[in-house]
Amino acid sequence: MARTALVAGNWKMNFDHFQATYFMQKLAWLLRDAHYDFDDAEIAIMPPFTSIRSVQVLVESENMKIKIGAQNVSEMSGGAFTGDVSAEMLEKLGCSYTIIGHSERRKYHPEDDVNLVDKVRATLAAGMQPILCVGESFEERRQGIELTYATNQVADVTRDLSAGQARRMLVAYEPVWAIGRGASATPQDAQDAAAAIRRHFAQAFDEDVANDVRILYGGSVKAANAMDLMAGPDVDGFLIGGASLDPEEFSKIARIV
Ligand code: PEP
């Protein structure tokens, strides 16, 4: 079965809800002007929690087939967890995806594999799909262990899932050294990592699961390199940081994919 490409914009901690509304109005205008039909790929926006509702209102009022995701989710289902947001709350707000284990969260917050497994489970139980971020730092790349490193990160989080759960996963291969740097991995690097991650799903689960799992590339994607980075047969789209803050650039990437 053919996989639907996904172009997902991770806004990180940018845009208050007024700016989010302005962005979405501009994106709607740009896509309409380009006669974009939303058929070839899925587009998703991952705003900060505070702007999810504003984005959702604009998606509906502008009649755009755009999915919404959250940049993080609590592993807890509810209760006395000050500052946390549950998967169920996000699903009720219209979210389809959660980003789990982004390198910035792994770096600045105490997220370990146990948290990440529980976040994946909470996301799936709420009927959403997790986008698990993996990828090596410059040091692992220097040692030549980048593929093992990324597949081990996938294995650590997916090991105890059923095949039914695993096939609903998305993985974003995001080499840490390429995030926000202006210089992306090469198309061959992106394809090699995506193929290694897909092979891992085939070995750990089965070929059907491996064929269903969508694998994104992330790290300094822009309109100028998107076509080359999408060329690999195992690359199913992008998780985009910086370029997702510019509606013109983001809409150009969506049209390329
Ligand atoms: C990211 O943070 O997920 C990312 C890929 O950022 P950028 O596109 O800015 O490198």
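Let me start at Val171. Leaving aside neighbours within four places in sequence, Val171 is in contact with Leu132, Val134, Val154, Ile197, Val213 and Ile215. Contact here is a C-beta criterion: two residues are in contact if their C-beta atoms, placed from the backbone, lie within 7 Å. Val171 sits in strand β6. Strands are DSSP runs of E, at least two residues, and helices are runs of H or I, at least four, both numbered from the N terminus.

Before I go on, two notes on the model. This is a predicted model, where local features need pLDDT of at least 70, side-chain atom pairs count only at pLDDT 80 or more, and totals for chains, interfaces and linings use all residues. Residues are numbered from 1 along each chain as its sequence is written.

Back to Val171. Is this residue buried or exposed? Val171 has 31 other C-beta atoms within 10 Å, so it is buried. The cut-offs, with C-beta atoms placed from the backbone: buried means 20 or more other C-beta atoms within 10 Å of the residue's own, exposed means 12 or fewer, and partly exposed is in between. Along the chain, Val171 and Leu239 are 68 residues apart, and their C-alpha atoms are separated by 9.7 Å.

Now move past the strand. Val176 lies in the loop between β6 (170-173) and α9 (187-204). Val176 is buried, because 21 other C-beta atoms lie within 10 Å. What does Val176 touch, not counting residues up to four places away in sequence? Its partners are Ser103, Gly135, Glu136 and Ser137. Take Ser103: Val176 and Ser103 are 73 residues apart in sequence, yet 6.7 Å apart in space, C-alpha to C-alpha.

Next, the ligand. There are 13 residues around the ligand, and Ile179, Gly180, Gly218, Gly241 and Gly242 come nearest. Near means that the C-beta atom, placed from the backbone, lies within 6 Å of the molecule or strand in question. By class, the shell around the ligand has 5 nonpolar, 7 polar and 1 charged. Nonpolar covers Ala, Val, Leu, Ile, Met, Phe, Trp, Tyr, Cys and Pro; charged covers Asp, Glu, Lys and Arg; the others, Gly among them, count as polar.

On to helix packing. Two packed helices are described by the angle between their axes and the distance between the axes. Axes are lines fitted to C-alpha atoms, for helices over the stretch in contact, and angles run from 0 to 180 degrees between N-to-C directions.

First pair: helix α7 (residues 146-158) and α9. Their axes come within 9 Å and cross at roughly 40°. That makes α7 oblique to α9. Under 35 degrees would be roughly parallel, over 145 roughly antiparallel, 65 to 115 roughly perpendicular, and the rest is oblique. The crossing of α7 and α9 is right-handed. Right-handed means the near helix is turned clockwise from the far one by less than a right angle, and left-handed means anticlockwise. On the α7 side, the contact is made by Glu146, Leu147, Ala150, Thr151, Val154, Ala155 and Thr158. On the α9 side, Asp192, Ala193, Ala196, Ile197, His200 and Ala204 make it. The contact of α7 with α9 has 8 nonpolar, 3 polar and 2 charged residues. Val154 and Ile197 also came up as contacts of Val171.

α1 passes α12 in a right-handed crossing. Phe23, Lys26, Leu27, Leu30 and Leu31 in α1 meet Pro247, Glu248, Phe250 and Ser251 in α12. That contact divides into 6 nonpolar, 1 polar and 2 charged residues.

Stay on α12 for Ala254. Ala254 is buried, with 27 other C-beta atoms within 10 Å. Beyond four places in sequence, Ala254 touches Val7, Tyr36, Ala41 and Ile43. Ala254 and Ile43 are 211 residues apart along the chain, with 7.0 Å between their C-alpha atoms.

Last stop, backbone angles. Most residues other than glycine have a negative phi, and most peptide bonds are trans. His35 has a positive phi of about 55° although it is not a glycine. His35 lies in the loop between α1 and β2 (41-46). With 7 C-beta neighbours inside 10 Å, His35 counts as exposed. Phe38 lies in the loop between α1 and β2 too, and its phi is also positive, near 60°. Phe38 is partly exposed, with 13 other C-beta atoms within 10 Å.
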